[in-house]
Amino acid sequence: MARKLLYNGTIVTSNTKNEVIENGAIGIEDEKIIYVGAAPEDFSSYDEKVDLKGNILLPGLINTHGHTPMSLLRGYADDLHLQTWLEDKIWPLEAKYTAEHAKWGAKLSILEMIRTGTTTFVDMYDNMDEIAKAVEEAGIRGVLCRGIIGFGSDELRQSKLKEAADFAKSWYNGAGGRITTMLSPHSPYTCSPEYISQIIDKSVELNVPLHTHMSETKFEVEKNIEDYGDTPVVHLDNLGFFDRPSLVAHAVHVNDEDIEILAEKDVKVSHNVISNLKLGSGIAPVGKMLEKGVTVSLGTDSVASNNNLDLFEELKAAATIHKGVARDATVVTAQQALRMATIQGAESLWLEERIGSLEVGKDADFIVVNSNHSFFYPKHNPVSHLVYSGSGRDVKDVYVQGKQILDNGQFKTIDEEKILYEANRMSKLLS
Ligand SMILES: CSC[C@H]1O[C@@H](n2cnc3c(O)ncnc32)[C@H](O)[C@@H]1O
Ligand SMILES: [Zn+2]
């Protein structure tokens with residue numbers, strides 16, 4: 001059993017008291033955290049000691065919504081509304097995707113997430129075996145689901161559902177426990193109520209949660225009311241979706257009744273603020289959702305609508321935009337934003353017993369941010385600096401399950417040069 005002590009750092013815990021420990025230390029044994037606190041007097045029980053040199057150590061960030069293979073489409077379709085973007089640009093190109101595209105796109109996204117301090121991510125796409133293998137190899141953590149669009153014949157729908165279920169079964173608890181799975185109808189506008197019901201039934205059978213896009217645009221909500229007589233929230237609730245553990249991405253256009261339902265049914269909401277802004281979709285009422293007790297976390301959505309996977313950008317956007325909307329600077333504090341990217345991310349994935357905060361007994365998923373440069377001076381408030389002044393480019397070390405996968409900016413598990421080369425090559429094959 002290998003024991004390692006990281007000392008002489010500022011430890012931002014995201015625990016229930018939001019403790020920040022100056023001149024603190026964290027001890028790990030194999031994959032677990034065994035100590036969090038002030039630097040111990042005696043280091044002798046540790047095999048390895050790492051001097052954090054005053055840098056900030058915090059829980060690995062958690063990205064609760066995305067589509068990793070779409071990194072191949074970075075900059076391909078900017079400045080368009082969601083429906084035009086999807087129907088005229090993205091879906092036609094995705095129709096040309098092979099498993100090889102999914103593989104190299106996923107690897108490029110994983111590389112970018114590790115580089116910017118994400119240790120756990122949600123992925124909804126197809127060719128999910130390639131993505132799971134990429135997660136396994138890179139050492140990151142993934143909550144993965146085969147996204148299901150319900151267009152086409154019934155035969156096609158049934159084969160997609162089977163593929164999604166087979167994937168969810170075979171990779172659950174995969175990669176040494178770093179992979180869990182969900183079932184994922186793409187949205188209420190691409191899946192009929194009957195099909196969504198079948199997917200819900202399958203989630204009961206497999207005992208896995210559900211994930212979907214929901215209430216992303218005003219157009220979607222109006223169309224849902226026109227087609228089914230209800231908002232997407234009421235529609236999904238009537239179908240029994242929220243009787244299952246569920247995570248919805250976006251929830252931009254939700255009214256007070258919708259928010260009551262989300263709170264009552266403990267539906268987890270992934271807030272994708274930058275993607276929602278870039279696609280002109282709107283701004284989710286996060287202040288209100290938090291006030292009502294909804295668990296809100298942060299997601300990037302894909303590179304094609306973001307255009308990167310740096311959760312530090314989402315942190316700053318989430319902690320500033322809602323203040324502007326409400327004209328109230330107390331809405332979504334830096335601390336609340338950081339909780340959305342850490343412990344609330346873990347709660348949104350039903351992983352809070354394992355990750356999301358630095359506490360003894362949890363898995364050792366954490367990152368070290370270089371705070372020895374101007375953006376972190378003077379050293380008043382590390383949480384404020386991380387949220388308002390930090391950047392993913394400041395991340396120097398990344399650990400998942402006790403294993404270091406980024407060391408002073410150098411990848412330890414993946415071949416960066418090869419991934420950049422192959423991702424570029426695969427993107428050319430799409431045009
Ligand atoms: C069936 S795999 C996932 C599917 O979702 C598409 N997608 C990417 N971003 C968004 C978004 O913001 N709203 C709705 N759908 C989105 C992606 O292109 C895949 O086809
Ligand atoms: Zn999405």
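Ile11 stands opposite Leu57 in strand S5, where strands are DSSP runs (E, at least two residues) and helices are DSSP runs (H or I, at least four residues), both numbered from the N terminus. This is a predicted model in which local features need pLDDT of at least 70 and side-chain atom pairs count only at pLDDT 80 or more, while totals for chains, interfaces and linings use all residues. Residues are numbered from 1 along each chain as its sequence is written, and chains are lettered from A and ligands numbered from 1 in the order in which they are written.

Strand S1 covers residues 3-12 and is mostly covered, with seven of its ten residues buried. A residue counts as buried if 20 or more other C-beta atoms lie within 10 Å of its own, as exposed if 12 or fewer do, and as partly exposed in between, with C-beta atoms placed from the backbone. The pairings of S1 are listed below; two strands pair if DSSP finds at least two bridges between them.

| Partner of S1 | Bridges | Direction |
|---|---|---|
| S2 (residues 20-29) | eight bridges | antiparallel |
| S4 (residues 48-51) | four bridges | parallel |
| S5 (residues 56-59) | two bridges | parallel |

Lys4 stands opposite Ile28 in S2, and the bridge partner of Leu5 in S4 is Lys49.

**Domains and their contact**

The protein is divided into domain 1 (3-59 + 357-411) and domain 2 (61-348), with bounds that come from an automatic or database domain assignment. Taken over C-alpha atoms, the centres of domain 1 and domain 2 are separated by 29 Å. The contact takes 22 residues from domain 1 and 25 residues from domain 2, two residues being in contact if their C-beta atoms, placed from the backbone, lie within 7 Å. On the side of domain 1 that touches domain 2, H15, strand S16 (395-400) and strand S17 (403-407) each supply at least two residues. H15 gives the most to that side, with five residues. By class, the side of domain 1 that touches domain 2 has twelve nonpolar, eight polar and two charged residues. Here Ala, Val, Leu, Ile, Met, Phe, Trp, Tyr, Cys and Pro count as nonpolar, Asp, Glu, Lys and Arg as charged, and the others, Gly among them, as polar.

Helix H15 spans residues 382-389 and contains Ser389. Ser389 is partly exposed, because 17 other C-beta atoms lie within 10 Å. Ser389 touches Phe375 and Phe376, not counting residues up to four places away in sequence. Ser389 and Ser14 are 375 residues apart in sequence and 18 Å apart in space, C-alpha to C-alpha.

**The nonpolar core**

The largest nonpolar core has 124 residues, and those with the most contacts inside it are Leu315, Ala318 and Ala337. Such a core is a set of buried Ala, Val, Leu, Ile, Met, Phe, Trp, Tyr and Cys residues joined through C-beta atoms within 7 Å. Helix H2 (residues 99-115) gives the most to this core, with eight residues. Domain 1 and domain 2 both give residues to the core, so it lies between them. Leu315 touches Leu298, Ala337, Leu338, Ala341 and Val387, again leaving out residues up to four places away in sequence.

**Ligand 1**

Ligand 1 is surrounded by 17 residues, the closest being Ile90, Tyr125, Gly147, His186 and His213; a residue is near a molecule if its C-beta atom, placed from the backbone, lies within 6 Å of it. Helix H1 (82-94) and strand S7 (118-125) each supply at least two residues of this shell. H1 gives the most, with four residues. The shell divides into six nonpolar, seven polar and four charged residues.
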